[in-house]
Amino acid sequence: MFERFTKDARDVVKSAYAYVDGGGEGVVEPEHLLLALLDREGSRGSFALVALGLGERRESVREALREARRRAGLTQAETDALAGLGIDVEEIVARVEEAHGVGALAGDRKDKRWWSGRTSFGRGAKDVLERSLRVALAQRDRHIGDEHILLALTLCPGVPAEVLADHGVTYESLVRVLYGSGGEAKAG
């Protein structure tokens with residue numbers, strides 16, 4: 001599948017790997033793909049993010065991702081659903097961090113990769129990359145660009161889709177910016 005990736009899309013994947021290697025986690029997740037997309041400049045995906053007003057709010061997205069990570073990767077919707085059952089996730093996080101240190105639920109332990117020195121894709125990241133292929137085919141594009149990864153992130157349930165939607169970036173708004181109403185490539 002990577003042979004269909006543009007240079008920009010390959011760079012997103014490489015940058016996601018760099019986030020993982022820098023954090024000592026060992027597994028690329030959808031959040032890492034989004035962080036890598038936020039760092040891009042001069043690509044179709046970065047153009048679309050700026051066109052939707054995310055250019056100056058990138059730090060807000062990063063903060064929302066950090067906060068979700070602190071909650072063990074739970075979305076705000078999941079946190080709210082648990083609150084409806086009487087489970088206070090913030091209270092649980094606070095108690096765990098009191099006993100085990102800040103970030104204990106984030107999985108930031110440096111010794112986690114003792115069994116494998118290789119960075120791999122988590123199930124969520126694989127789903128995003130597979131979905132990016134489907135998105136490209138649906139748009140009749142012969143390549144997979146960083147814009148297709150961005151579109152796929154909005155379609156796959158989870159923290160990145162929720163954070164993007166909270167910042168006004170949805171699949172529909174991206175398609176409008178990238179392809180316009182006629183379906184032809186517009187941005188970039």
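**Contacts, helices and rings**

Modeller: Residues 24 or more positions apart account for 63% of the contacts in the protein with a separation of 6 or more, where contact means heavy atoms within 4.5 Å. This is a predicted model, in which local features need pLDDT of at least 70 and side-chain atom pairs count only at pLDDT 80 or more, while totals for chains, interfaces and linings use all residues. Residues are numbered from 1 along each chain as its sequence is written, and side-chain values use heavy atoms, with hydrogens and water left out.

Biologist: OK, and how many helices and strands does the secondary structure come to?

Modeller: There are 10 helices and 2 strands, taken as DSSP runs (H or I of at least four residues for helices, E of at least two for strands) and numbered from the N terminus. Along the sequence the pattern reads α-β-α-α-α-α-α-β-α-α-α-α.

Biologist: How do the axes of α8 and α10 cross?

Modeller: The axes of α8 (residues 146-155) and α10 (residues 171-179) come within 9 Å and cross at roughly 160 degrees; axes are lines fitted to C-alpha atoms over the stretch in contact, with angles from 0 to 180 degrees between N-to-C directions. The two helices are therefore roughly antiparallel, a label that applies to angles over 145 degrees.

Biologist: Which residues meet there?

Modeller: From α8, E147, H148, L150, L151, T154 and L155 meet Y171, L174, V175, L178 and Y179 of α10. The residues of this contact divide into 8 nonpolar, 2 polar and 1 charged, with Ala, Val, Leu, Ile, Met, Phe, Trp, Tyr, Cys and Pro counted as nonpolar, Asp, Glu, Lys and Arg as charged, and the others, Gly among them, as polar.

Biologist: Changing topic, how many aromatic pairs does the structure hold?

Modeller: It holds 1 aromatic pair. Y17 and F121 are edge-to-face, at 5.4 Å centre to centre and 80 degrees between the planes; rings of Phe, Tyr and Trp (its six-membered ring) pair if their centres lie within 6.5 Å, and planes over 60 degrees apart count as edge-to-face. Y17 is in helix α1 (residues 7-23) and F121 in strand β2 (residues 120-121), 104 residues apart.

Biologist: And is F121 buried or exposed?

Modeller: F121 is buried, because its relative accessible area is 17%, and buried means under 20%, exposed over 50% and partly exposed in between (1.4 Å probe, protein chains only). Y17, at 25%, is partly exposed.

Technical notes
Angles under 35 degrees count as roughly parallel, over 145 as roughly antiparallel, 65 to 115 as roughly perpendicular and the rest as oblique. Rings of Phe, Tyr and Trp (its six-membered ring) pair if their centres lie within 6.5 Å; planes under 30 degrees apart count as stacked, over 60 as edge-to-face and the rest as tilted.
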